[in-house]
Amino acid sequence: MMLKNKKKSTAKHRRQSRNWNVSKTESNSILSQFLWVIKRLSPSWQACIPLACLIVLGWGYVAVAQETPAAAGPSTAELKVALDTLWVAIAAFLVFFMNAGFCMLETGFCRQKNAVNVLAKNLIVFALATVAFWAIGFGLMFGNGNDFIGLSGFFLQGADNSPLTGDAYKGVFSALSWTGVPLAAKFLFQLVFAGTAATIVSGAVAERIKFVDFLIFSLLLVGISYAITGHWIWGGGWLADRGFWDFAGSTVVHSVGGWAALMGAALLGPRLGKFQDGQTVAIPGHNMSIATLGCLILWLGWFGFNPGSVMAADPGAITHIALTTNMAGAVGGIAATITAWLYLGKPDLSMIINGILAGLVAITAPCAYVTIGYSFFIGLIAGVIVVFAVTFFDKIKIDDPVGAISVHLVCGVWGTLAVGLFAVGPGVYSWYGEGLGPAKGLFTGGGLGQFFTQLLGVVSVGGMTVLLSTIFFLVLKATLGIRVSREEEIEGLDIGEHGMEAYSGFVKEADAGRFSEPSSHRGVSTSGDLPTTL
(Lines give C-alpha, C1' and ligand atoms only; values in the text may rest on other atoms or scores of the structure.)
Protein backbone atom coordinates (compact mmCIF):
# COMPACT_ATOMS: atom_id res chain seq x y z
CA MET A 1 0.00 0.00 0.00
CA MET A 2 2.78 2.47 0.93
CA LEU A 3 4.60 1.67 -2.29
CA LYS A 4 1.42 2.32 -4.29
CA ASN A 5 0.85 5.74 -2.62
CA LYS A 6 4.45 6.68 -3.23
CA LYS A 7 4.06 5.90 -6.94
CA LYS A 8 0.89 8.03 -7.14
CA SER A 9 2.64 10.98 -5.40
CA THR A 10 5.59 10.75 -7.78
CA ALA A 11 3.26 10.73 -10.77
CA LYS A 12 1.41 13.79 -9.39
CA HIS A 13 4.65 15.78 -8.99
CA ARG A 14 5.66 14.86 -12.51
CA ARG A 15 2.33 16.13 -13.87
CA GLN A 16 2.69 19.42 -11.89
CA SER A 17 6.25 19.89 -13.09
CA ARG A 18 5.17 19.25 -16.66
CA ASN A 19 2.29 21.74 -16.32
CA TRP A 20 4.67 24.37 -14.82
CA ASN A 21 7.06 23.96 -17.68
CA VAL A 22 4.23 24.32 -20.16
CA SER A 23 2.97 27.49 -18.35
CA LYS A 24 6.46 28.94 -18.21
CA THR A 25 6.95 28.30 -21.86
CA GLU A 26 3.65 30.00 -22.68
CA SER A 27 4.57 33.02 -20.49
CA ASN A 28 7.94 33.34 -22.15
CA SER A 29 6.23 33.11 -25.49
CA ILE A 30 3.76 35.95 -24.58
CA LEU A 31 6.57 38.12 -23.19
CA SER A 32 8.64 37.48 -26.31
CA GLN A 33 5.72 38.44 -28.48
CA PHE A 34 5.11 41.61 -26.38
CA LEU A 35 8.77 42.61 -26.65
CA TRP A 36 8.70 41.85 -30.37
CA VAL A 37 5.68 44.13 -30.80
CA ILE A 38 7.43 46.94 -28.85
CA LYS A 39 10.54 46.60 -30.98
CA ARG A 40 8.40 46.99 -34.08
CA LEU A 41 7.15 50.40 -32.79
CA SER A 42 8.86 53.63 -33.79
CA PRO A 43 11.19 55.27 -31.20
CA SER A 44 8.59 57.97 -30.52
CA TRP A 45 5.92 55.42 -29.59
CA GLN A 46 8.42 53.47 -27.51
CA ALA A 47 9.18 56.67 -25.51
CA CYS A 48 5.46 57.08 -24.77
CA ILE A 49 5.17 53.76 -22.97
CA PRO A 50 6.76 54.91 -19.64
CA LEU A 51 4.62 58.06 -19.73
CA ALA A 52 1.50 55.96 -20.20
CA CYS A 53 2.47 53.82 -17.21
CA LEU A 54 2.89 56.94 -15.06
CA ILE A 55 -0.53 58.24 -16.11
CA VAL A 56 -2.16 54.94 -15.19
CA LEU A 57 -0.44 54.96 -11.79
CA GLY A 58 -1.52 58.58 -11.25
CA TRP A 59 -5.14 57.74 -12.00
CA GLY A 60 -4.98 54.96 -9.52
CA TYR A 61 -3.56 57.27 -6.84
CA VAL A 62 -6.26 59.87 -7.44
CA ALA A 63 -8.94 57.23 -7.17
CA VAL A 64 -7.57 56.07 -3.83
CA ALA A 65 -7.18 59.66 -2.58
CA GLN A 66 -10.81 60.42 -3.40
CA GLU A 67 -11.87 57.66 -1.09
CA THR A 68 -9.82 59.18 1.81
CA PRO A 69 -11.53 62.12 3.62
CA ALA A 70 -9.59 65.43 3.27
CA ALA A 71 -7.81 66.81 6.35
CA ALA A 72 -9.56 69.79 7.96
CA GLY A 73 -7.95 73.17 7.00
CA PRO A 74 -7.55 76.28 9.15
CA SER A 75 -10.72 77.93 10.33
CA THR A 76 -11.84 81.37 9.24
CA ALA A 77 -10.79 82.80 12.60
CA GLU A 78 -7.31 81.30 12.27
CA LEU A 79 -6.93 82.70 8.76
CA LYS A 80 -7.95 86.15 10.01
CA VAL A 81 -5.33 86.05 12.77
CA ALA A 82 -2.68 85.02 10.24
CA LEU A 83 -3.64 87.79 7.81
CA ASP A 84 -3.83 90.45 10.54
CA THR A 85 -0.45 89.40 11.89
CA LEU A 86 1.11 89.52 8.44
CA TRP A 87 -0.15 93.07 7.88
CA VAL A 88 1.02 94.27 11.30
CA ALA A 89 4.47 92.77 10.69
CA ILE A 90 4.79 94.39 7.25
CA ALA A 91 3.71 97.75 8.69
CA ALA A 92 6.27 97.40 11.49
CA PHE A 93 8.99 96.70 8.92
CA LEU A 94 8.03 99.88 7.04
CA VAL A 95 8.19 101.95 10.23
CA PHE A 96 11.54 100.38 11.10
CA PHE A 97 12.85 101.45 7.69
CA MET A 98 12.04 105.04 8.67
CA ASN A 99 15.26 104.88 10.72
CA ALA A 100 17.10 104.93 7.40
CA GLY A 101 15.07 107.99 6.43
CA PHE A 102 16.02 109.82 9.61
CA CYS A 103 19.67 108.88 9.05
CA MET A 104 19.69 110.34 5.55
CA LEU A 105 17.60 113.41 6.38
CA GLU A 106 19.56 114.51 9.44
CA THR A 107 22.96 113.75 7.94
CA GLY A 108 22.16 115.73 4.81
CA PHE A 109 20.92 118.71 6.83
CA CYS A 110 24.09 118.77 8.97
CA ARG A 111 27.68 119.59 8.06
CA GLN A 112 30.01 116.97 6.66
CA LYS A 113 32.36 117.13 9.65
CA ASN A 114 29.53 115.73 11.82
CA ALA A 115 28.15 113.13 9.43
CA VAL A 116 29.56 110.09 11.22
CA ASN A 117 28.22 111.32 14.55
CA VAL A 118 24.68 111.85 13.18
CA LEU A 119 24.70 108.45 11.47
CA ALA A 120 25.99 106.71 14.60
CA LYS A 121 23.29 108.27 16.79
CA ASN A 122 20.49 107.31 14.42
CA LEU A 123 21.83 103.79 14.09
CA ILE A 124 22.40 102.99 17.74
CA VAL A 125 19.23 104.66 19.02
CA PHE A 126 16.96 101.88 17.77
CA ALA A 127 19.17 99.24 19.36
CA LEU A 128 18.94 101.07 22.67
CA ALA A 129 15.20 101.57 22.28
CA THR A 130 14.75 97.83 21.71
CA VAL A 131 16.35 96.94 25.01
CA ALA A 132 14.75 99.75 27.02
CA PHE A 133 11.26 99.12 25.67
CA TRP A 134 11.51 95.35 26.19
CA ALA A 135 12.82 95.66 29.73
CA ILE A 136 10.58 98.38 31.13
CA GLY A 137 8.90 100.64 28.56
CA PHE A 138 6.32 98.21 27.19
CA GLY A 139 5.23 97.24 30.71
CA LEU A 140 4.92 100.85 31.85
CA MET A 141 2.96 101.75 28.74
CA PHE A 142 0.63 98.78 28.21
CA GLY A 143 0.86 96.67 31.36
CA ASN A 144 -2.11 96.49 33.72
CA GLY A 145 -1.81 99.10 36.45
CA ASN A 146 -3.65 102.31 37.17
CA ASP A 147 -4.70 105.40 35.23
CA PHE A 148 -1.21 106.88 35.37
CA ILE A 149 1.24 104.03 34.90
CA GLY A 150 1.47 100.34 33.99
CA LEU A 151 2.74 98.04 36.71
CA SER A 152 3.11 94.65 35.01
CA GLY A 153 4.46 92.94 31.92
CA PHE A 154 8.10 93.93 32.27
CA PHE A 155 10.49 91.92 30.07
CA LEU A 156 7.31 90.73 28.26
CA GLN A 157 6.57 88.45 31.19
CA GLY A 158 3.14 87.65 32.60
CA ALA A 159 -0.07 85.92 31.60
CA ASP A 160 -1.24 86.50 28.05
CA ASN A 161 -3.57 84.52 25.78
CA SER A 162 -3.34 86.69 22.67
CA PRO A 163 -4.66 86.67 19.98
CA LEU A 164 -7.95 86.36 21.87
CA THR A 165 -9.69 89.70 22.21
CA GLY A 166 -12.26 91.49 24.34
CA ASP A 167 -13.73 89.57 27.26
CA ALA A 168 -11.98 86.40 26.09
CA TYR A 169 -8.56 87.96 26.66
CA LYS A 170 -6.90 87.00 29.94
CA GLY A 171 -3.54 88.58 30.57
CA VAL A 172 -1.49 91.51 31.83
CA PHE A 173 -1.77 93.65 28.66
CA SER A 174 -5.48 94.41 28.68
CA ALA A 175 -4.94 97.77 26.96
CA LEU A 176 -4.09 95.87 23.76
CA SER A 177 -6.85 93.28 23.99
CA TRP A 178 -8.72 95.00 21.15
CA THR A 179 -6.33 93.69 18.48
CA GLY A 180 -6.36 90.03 17.52
CA VAL A 181 -2.68 89.37 16.86
CA PRO A 182 -0.05 87.53 18.96
CA LEU A 183 1.75 89.41 21.72
CA ALA A 184 5.00 89.37 19.75
CA ALA A 185 3.32 91.29 16.91
CA LYS A 186 1.89 93.84 19.35
CA PHE A 187 5.31 94.41 20.90
CA LEU A 188 7.12 94.66 17.56
CA PHE A 189 4.75 97.29 16.22
CA GLN A 190 4.87 99.41 19.36
CA LEU A 191 8.65 99.08 19.56
CA VAL A 192 9.24 100.76 16.20
CA PHE A 193 7.05 103.66 17.34
CA ALA A 194 9.08 104.06 20.52
CA GLY A 195 12.30 104.13 18.51
CA THR A 196 10.89 106.89 16.33
CA ALA A 197 10.27 109.16 19.34
CA ALA A 198 13.92 108.93 20.40
CA THR A 199 15.19 109.48 16.85
CA ILE A 200 13.34 112.81 16.63
CA VAL A 201 15.54 114.23 19.40
CA SER A 202 18.71 113.35 17.52
CA GLY A 203 18.28 115.99 14.83
CA ALA A 204 17.52 118.89 17.15
CA VAL A 205 20.61 118.35 19.32
CA ALA A 206 22.93 117.48 16.44
CA GLU A 207 26.46 118.81 16.02
CA ARG A 208 27.13 119.66 19.67
CA ILE A 209 25.86 116.99 22.11
CA LYS A 210 28.17 114.39 23.59
CA PHE A 211 27.56 110.94 22.17
CA VAL A 212 27.33 109.18 25.55
CA ASP A 213 24.82 111.71 26.88
CA PHE A 214 22.55 111.16 23.90
CA LEU A 215 22.66 107.40 24.43
CA ILE A 216 21.72 107.71 28.10
CA PHE A 217 18.95 110.21 27.37
CA SER A 218 17.48 107.93 24.69
CA LEU A 219 17.29 105.06 27.17
CA LEU A 220 15.53 107.26 29.71
CA LEU A 221 13.13 108.75 27.16
CA VAL A 222 11.98 105.43 25.70
CA GLY A 223 12.03 103.46 28.94
CA ILE A 224 10.32 106.03 31.19
CA SER A 225 9.01 109.32 29.75
CA TYR A 226 7.53 108.08 26.47
CA ALA A 227 6.06 105.02 28.19
CA ILE A 228 4.33 106.96 30.97
CA THR A 229 2.61 109.51 28.73
CA GLY A 230 1.82 106.76 26.23
CA HIS A 231 0.04 104.82 28.98
CA TRP A 232 -2.28 107.78 29.55
CA ILE A 233 -3.51 107.57 25.95
CA TRP A 234 -2.89 104.12 24.44
CA GLY A 235 -2.52 102.19 27.68
CA GLY A 236 -6.05 102.85 28.92
CA GLY A 237 -5.01 105.69 31.22
CA TRP A 238 -6.79 108.79 32.39
CA LEU A 239 -6.68 110.69 29.08
CA ALA A 240 -8.22 107.72 27.28
CA ASP A 241 -10.95 107.65 29.94
CA ARG A 242 -11.69 111.31 29.20
CA GLY A 243 -12.16 110.64 25.49
CA PHE A 244 -8.80 111.83 24.13
CA TRP A 245 -7.96 110.25 20.75
CA ASP A 246 -4.69 110.02 18.88
CA PHE A 247 -4.95 107.32 16.23
CA ALA A 248 -1.32 106.84 15.23
CA GLY A 249 0.71 109.19 17.41
CA SER A 250 0.77 112.91 16.58
CA THR A 251 1.01 113.42 20.35
CA VAL A 252 2.08 110.01 21.68
CA VAL A 253 5.11 109.82 19.35
CA HIS A 254 5.79 113.07 17.51
CA SER A 255 4.93 115.71 20.10
CA VAL A 256 6.73 113.75 22.81
CA GLY A 257 9.84 113.60 20.66
CA GLY A 258 9.38 117.27 19.80
CA TRP A 259 9.05 118.41 23.42
CA ALA A 260 12.15 116.43 24.39
CA ALA A 261 14.02 117.89 21.40
CA LEU A 262 13.01 121.41 22.42
CA MET A 263 14.40 121.01 25.92
CA GLY A 264 17.59 119.43 24.63
CA ALA A 265 18.22 122.22 22.13
CA ALA A 266 17.44 124.90 24.71
CA LEU A 267 19.72 123.47 27.40
CA LEU A 268 22.56 122.75 24.98
CA GLY A 269 22.53 126.21 23.46
CA PRO A 270 23.13 127.07 19.80
CA ARG A 271 26.00 125.88 17.65
CA LEU A 272 29.06 128.11 17.41
CA GLY A 273 28.49 130.84 14.86
CA LYS A 274 24.75 130.32 14.53
CA PHE A 275 23.78 133.66 16.06
CA GLN A 276 26.16 136.59 15.54
CA ASP A 277 25.55 140.26 16.34
CA GLY A 278 21.84 139.66 16.79
CA GLN A 279 21.58 138.00 13.39
CA THR A 280 20.80 134.41 12.48
CA VAL A 281 23.54 132.91 10.32
CA ALA A 282 22.45 130.10 8.02
CA ILE A 283 24.54 126.95 8.40
CA PRO A 284 23.55 124.92 5.34
CA GLY A 285 23.57 121.16 5.24
CA HIS A 286 26.28 119.46 3.23
CA ASN A 287 24.23 117.04 1.13
CA MET A 288 20.70 117.86 0.10
CA SER A 289 20.57 114.81 -2.15
CA ILE A 290 20.56 112.36 0.74
CA ALA A 291 18.30 114.69 2.73
CA THR A 292 15.74 114.44 -0.08
CA LEU A 293 16.18 110.66 -0.19
CA GLY A 294 15.56 110.60 3.56
CA CYS A 295 12.31 112.52 3.09
CA LEU A 296 11.09 110.02 0.48
CA ILE A 297 11.97 107.08 2.72
CA LEU A 298 10.05 108.65 5.59
CA TRP A 299 7.07 109.29 3.31
CA LEU A 300 7.08 105.61 2.37
CA GLY A 301 7.42 104.57 6.00
CA TRP A 302 4.34 106.58 6.92
CA PHE A 303 2.24 104.08 4.96
CA GLY A 304 3.18 101.63 7.69
CA PHE A 305 3.00 104.16 10.49
CA ASN A 306 -0.62 105.26 9.98
CA PRO A 307 -2.43 102.39 8.17
CA GLY A 308 -0.53 99.88 10.30
CA SER A 309 -2.09 101.36 13.43
CA VAL A 310 -5.34 99.64 12.46
CA MET A 311 -3.48 96.47 13.58
CA ALA A 312 -5.81 94.39 11.43
CA ALA A 313 -6.07 93.65 7.71
CA ASP A 314 -9.18 95.79 7.27
CA PRO A 315 -9.11 96.78 3.57
CA GLY A 316 -11.46 99.74 3.97
CA ALA A 317 -9.61 101.25 6.91
CA ILE A 318 -6.12 100.67 5.52
CA THR A 319 -6.80 102.22 2.12
CA HIS A 320 -8.72 105.19 3.52
CA ILE A 321 -5.96 105.99 6.01
CA ALA A 322 -3.30 105.60 3.31
CA LEU A 323 -5.14 108.14 1.16
CA THR A 324 -5.62 110.71 3.93
CA THR A 325 -1.97 110.27 4.90
CA ASN A 326 -0.70 110.77 1.38
CA MET A 327 -2.97 113.75 0.72
CA ALA A 328 -1.80 115.62 3.82
CA GLY A 329 1.86 114.99 3.04
CA ALA A 330 1.48 116.06 -0.58
CA VAL A 331 -0.45 119.24 0.22
CA GLY A 332 1.95 120.03 3.07
CA GLY A 333 4.85 120.01 0.62
CA ILE A 334 3.01 122.22 -1.85
CA ALA A 335 1.93 124.69 0.85
CA ALA A 336 5.44 124.93 2.28
CA THR A 337 6.88 125.54 -1.18
CA ILE A 338 4.52 128.42 -1.88
CA THR A 339 4.89 129.88 1.62
CA ALA A 340 8.69 129.79 1.50
CA TRP A 341 8.64 131.31 -1.98
CA LEU A 342 6.50 134.22 -0.82
CA TYR A 343 7.96 134.67 2.67
CA LEU A 344 11.64 133.92 2.09
CA GLY A 345 11.90 134.82 -1.58
CA LYS A 346 12.97 131.37 -2.80
CA PRO A 347 11.40 127.87 -2.86
CA ASP A 348 13.87 126.50 -0.32
CA LEU A 349 14.36 122.72 -0.69
CA SER A 350 14.72 122.24 3.06
CA MET A 351 11.32 123.89 3.52
CA ILE A 352 9.76 121.65 0.87
CA ILE A 353 11.11 118.61 2.69
CA ASN A 354 9.90 119.81 6.07
CA GLY A 355 6.53 120.77 4.57
CA ILE A 356 5.94 117.20 3.42
CA LEU A 357 6.93 115.84 6.81
CA ALA A 358 4.79 118.46 8.55
CA GLY A 359 1.70 117.31 6.67
CA LEU A 360 2.45 113.68 7.49
CA VAL A 361 2.95 114.43 11.19
CA ALA A 362 -0.26 116.48 11.37
CA ILE A 363 -2.46 113.80 9.78
CA THR A 364 -1.10 111.05 12.05
CA ALA A 365 -3.65 111.66 14.82
CA PRO A 366 -6.83 112.23 12.75
CA CYS A 367 -6.07 110.00 9.70
CA ALA A 368 -8.78 107.43 10.52
CA TYR A 369 -11.39 109.96 11.64
CA VAL A 370 -11.48 112.53 8.80
CA THR A 371 -12.42 112.62 5.13
CA ILE A 372 -9.86 113.00 2.37
CA GLY A 373 -11.11 116.56 1.89
CA TYR A 374 -10.40 117.44 5.51
CA SER A 375 -6.96 115.85 5.25
CA PHE A 376 -6.27 118.35 2.45
CA PHE A 377 -6.87 121.27 4.83
CA ILE A 378 -4.91 119.64 7.66
CA GLY A 379 -1.88 119.24 5.39
CA LEU A 380 -2.32 122.73 3.97
CA ILE A 381 -2.21 124.40 7.38
CA ALA A 382 0.72 122.23 8.49
CA GLY A 383 2.75 123.19 5.42
CA VAL A 384 2.22 126.88 6.13
CA ILE A 385 2.90 126.90 9.85
CA VAL A 386 6.07 124.82 9.62
CA VAL A 387 7.79 127.57 7.60
CA PHE A 388 6.91 130.21 10.18
CA ALA A 389 7.82 127.85 13.03
CA VAL A 390 11.35 127.39 11.69
CA THR A 391 11.93 131.15 11.55
CA PHE A 392 10.26 131.63 14.95
CA PHE A 393 12.64 129.27 16.73
CA ASP A 394 15.57 131.01 15.05
CA LYS A 395 14.31 134.33 16.38
CA ILE A 396 14.18 133.04 19.97
CA LYS A 397 17.65 131.52 19.48
CA ILE A 398 16.64 127.85 19.67
CA ASP A 399 19.06 126.19 17.28
CA ASP A 400 17.49 123.18 15.54
CA PRO A 401 19.71 122.06 12.64
CA VAL A 402 17.05 119.92 10.94
CA GLY A 403 13.77 121.61 11.93
CA ALA A 404 12.66 118.66 14.09
CA ILE A 405 10.94 120.87 16.66
CA SER A 406 8.96 122.74 14.01
CA VAL A 407 7.91 119.54 12.23
CA HIS A 408 7.25 117.12 15.06
CA LEU A 409 6.26 119.37 17.97
CA VAL A 410 4.38 122.22 16.28
CA CYS A 411 2.66 120.10 13.64
CA GLY A 412 2.12 117.26 16.10
CA VAL A 413 0.17 119.66 18.29
CA TRP A 414 -1.74 120.94 15.27
CA GLY A 415 -2.67 117.44 14.15
CA THR A 416 -3.88 116.49 17.61
CA LEU A 417 -6.11 119.55 17.81
CA ALA A 418 -7.35 118.85 14.27
CA VAL A 419 -9.11 115.76 15.63
CA GLY A 420 -11.36 118.08 17.63
CA LEU A 421 -12.03 120.22 14.55
CA PHE A 422 -12.55 117.77 11.69
CA ALA A 423 -13.51 114.34 13.11
CA VAL A 424 -16.62 113.14 11.26
CA GLY A 425 -18.02 111.25 14.25
CA PRO A 426 -18.92 107.57 14.79
CA GLY A 427 -21.00 105.71 12.23
CA VAL A 428 -19.59 107.22 9.04
CA TYR A 429 -16.91 104.57 8.52
CA SER A 430 -17.16 100.86 9.35
CA TRP A 431 -14.04 100.93 11.57
CA TYR A 432 -15.13 104.09 13.38
CA GLY A 433 -18.06 103.04 15.52
CA GLU A 434 -19.39 104.30 18.83
CA GLY A 435 -16.61 104.19 21.42
CA LEU A 436 -13.99 103.51 18.74
CA GLY A 437 -13.15 107.13 17.97
CA PRO A 438 -13.73 110.75 18.91
CA ALA A 439 -17.01 112.63 18.92
CA LYS A 440 -17.79 114.97 16.04
CA GLY A 441 -15.42 117.88 15.62
CA LEU A 442 -16.26 121.57 15.60
CA PHE A 443 -16.56 121.86 11.79
CA THR A 444 -18.66 118.70 11.47
CA GLY A 445 -21.36 119.82 13.89
CA GLY A 446 -19.97 118.55 17.16
CA GLY A 447 -19.12 121.74 19.02
CA LEU A 448 -15.95 122.40 21.03
CA GLY A 449 -16.17 119.46 23.46
CA GLN A 450 -13.75 117.17 21.60
CA PHE A 451 -11.42 120.08 20.84
CA PHE A 452 -10.99 120.94 24.51
CA THR A 453 -10.37 117.28 25.34
CA GLN A 454 -7.62 117.21 22.71
CA LEU A 455 -6.19 120.44 24.09
CA LEU A 456 -6.08 118.94 27.58
CA GLY A 457 -4.10 116.01 26.25
CA VAL A 458 -1.62 118.25 24.42
CA VAL A 459 -0.95 120.33 27.55
CA SER A 460 -0.74 117.34 29.91
CA VAL A 461 1.61 115.27 27.75
CA GLY A 462 3.70 118.33 26.94
CA GLY A 463 4.03 119.29 30.59
CA MET A 464 5.10 115.83 31.71
CA THR A 465 7.58 115.41 28.85
CA VAL A 466 9.14 118.82 29.45
CA LEU A 467 9.46 118.06 33.17
CA LEU A 468 11.07 114.66 32.75
CA SER A 469 13.30 115.70 29.84
CA THR A 470 14.55 118.71 31.77
CA ILE A 471 15.39 116.53 34.77
CA PHE A 472 17.22 114.01 32.58
CA PHE A 473 19.27 116.66 30.77
CA LEU A 474 20.11 118.64 33.93
CA VAL A 475 21.32 115.51 35.73
CA LEU A 476 23.46 114.59 32.73
CA LYS A 477 24.79 118.15 32.52
CA ALA A 478 25.74 118.15 36.19
CA THR A 479 27.45 114.76 36.04
CA LEU A 480 28.91 114.16 32.58
CA GLY A 481 28.44 117.47 30.85
CA ILE A 482 26.20 117.39 27.81
CA ARG A 483 28.12 119.55 25.31
CA VAL A 484 31.37 118.84 23.54
CA SER A 485 34.28 121.26 23.91
CA ARG A 486 34.70 124.27 21.65
CA GLU A 487 37.71 122.66 19.98
CA GLU A 488 35.80 119.45 19.26
CA GLU A 489 32.85 121.37 17.83
CA ILE A 490 35.13 123.37 15.51
CA GLU A 491 37.04 120.30 14.39
CA GLY A 492 33.91 118.24 14.04
CA LEU A 493 32.33 115.53 16.17
CA ASP A 494 33.39 112.87 13.72
CA ILE A 495 37.01 113.27 14.83
CA GLY A 496 36.39 114.33 18.43
CA GLU A 497 33.79 111.66 19.29
CA HIS A 498 34.52 108.84 16.84
CA GLY A 499 38.05 109.34 15.58
CA MET A 500 37.07 109.02 11.93
CA GLU A 501 35.71 111.00 8.99
CA ALA A 502 32.73 110.30 6.77
CA TYR A 503 34.48 111.77 3.72
CA SER A 504 38.17 111.08 4.20
CA GLY A 505 40.32 113.16 1.84
CA PHE A 506 37.62 115.73 1.03
CA VAL A 507 37.81 119.44 1.82
CA LYS A 508 36.38 119.91 5.31
CA GLU A 509 35.13 122.81 7.40
CA ALA A 510 37.45 124.46 9.87
CA ASP A 511 34.74 126.50 11.55
CA ALA A 512 31.09 127.45 11.16
CA GLY A 513 31.61 129.19 7.84
CA ARG A 514 35.17 128.52 6.57
CA PHE A 515 37.01 125.66 4.96
CA SER A 516 40.57 124.37 5.08
CA GLU A 517 42.37 121.52 3.40
CA PRO A 518 44.09 118.79 5.40
CA SER A 519 47.45 120.24 4.34
CA SER A 520 48.47 123.53 2.73
CA HIS A 521 49.95 123.47 -0.74
CA ARG A 522 52.35 126.04 -2.11
CA GLY A 523 50.58 128.71 -4.12
CA VAL A 524 47.16 128.02 -2.60
CA SER A 525 45.42 130.13 0.04
CA THR A 526 42.98 128.30 2.34
CA SER A 527 41.39 131.41 3.84
CA GLY A 528 37.82 132.01 2.82
CA ASP A 529 35.01 129.67 1.87
CA LEU A 530 37.08 127.74 -0.66
CA PRO A 531 40.79 127.52 -1.52
CA THR A 532 41.90 130.16 -4.02
CA THR A 533 45.08 130.39 -6.09
CA LEU A 534 47.51 133.14 -4.97
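Which residues does phenylalanine 142 touch, not counting residues up to four places away in sequence? In this predicted model, phenylalanine 142 touches Phe133, Val172, Phe173, Ser174, Ala175, Leu176, Gln190, His231, Trp234 and Gly235. Phe142 also belongs to the largest nonpolar core, a set of 132 residues. The members that touch the most other members are Phe133, Phe142, Phe193, Tyr226, Trp234, Leu357 and Ile405. Helix 5, spanning residues 183-204, gives the most to this core, with 13 residues.

The protein comprises 534 residues, of which 48% are buried, and its secondary structure consists of 16 helices and six strands. Of the contacts between residues at least 6 apart in sequence, 72% join residues at least 24 apart.

Five salt bridges were found in a search of the whole structure. One of them joins the side chains of lysine 80 and aspartate 84, with an N to O distance of 2.7 Å. Both residues lie in helix 3 (residues 76-109), four residues apart, or about one turn of the helix. Aspartate 84 counts as buried because its relative accessibility is 4%, below the 20% cut-off.

Arginine 271 takes part in salt bridges with two acidic residues, glutamate 207 and aspartate 399. The side chains of arginine 271 and glutamate 207 meet at 2.4 Å, N to O. This pair links distant parts of the chain, 64 residues apart: arginine 271 is in the loop between helix 8 (250-268) and strand 1 (275-276), and glutamate 207 is in the loop between helix 5 and helix 6 (211-233). For the pair of arginine 271 and aspartate 399, the closest N and O atoms are 2.7 Å apart. Aspartate 399 lies in the loop between helix 12 (372-395) and helix 13, 128 residues from arginine 271. Arginine 271 and aspartate 399 are both buried, and salt bridges that share partners join Arg111, Glu207, Arg271 and Asp399 into one network. Relative accessibility is 4% for arginine 271 and 1% for glutamate 207, which therefore counts as buried.

Helix 14 (residues 449-479) contains 31 residues and reaches 46 Å from its first C-alpha to its last, close to the expected 45 Å. Glycine 481, with a positive phi near 80 degrees, follows this helix. A nonpolar patch on the surface is formed by Leu442, Phe443, Leu448, Phe452, Leu455 and Val459, together presenting about 540 Å² of accessible area. Leucine 442 is located in the loop between helix 13 (404-422) and helix 14, and counts as partly exposed because its relative accessibility is 31%.

How values were computed: Residues numbered from 1 in each chain as written. Predicted model: local features only at pLDDT ≥ 70, side-chain atom pairs only at ≥ 80, totals over all residues. Heavy atoms only, no water. Helix = DSSP H or I, 4+ residues; strand = E, 2+ residues; numbered from the N terminus. Expected span 1.5 Å × (residues − 1). Patch = residues over 30% accessible without salt bridge, like charges linked within 9 Å, V, L, I, M, F, W, Y side chains within 5 Å. Areas by Shrake-Rupley, 256 points an atom, 1.4 Å probe, with all protein chains shown as cover. Salt bridge = Lys/Arg side-chain N within 4 Å of Asp/Glu carboxyl O. Buried < 20%, exposed > 50% of the residue type's maximum accessible area, 1.4 Å probe, protein only. Core = buried A, V, L, I, M, F, W, Y, C linked by side-chain atoms within 4.5 Å. Contact = heavy atoms within 4.5 Å.
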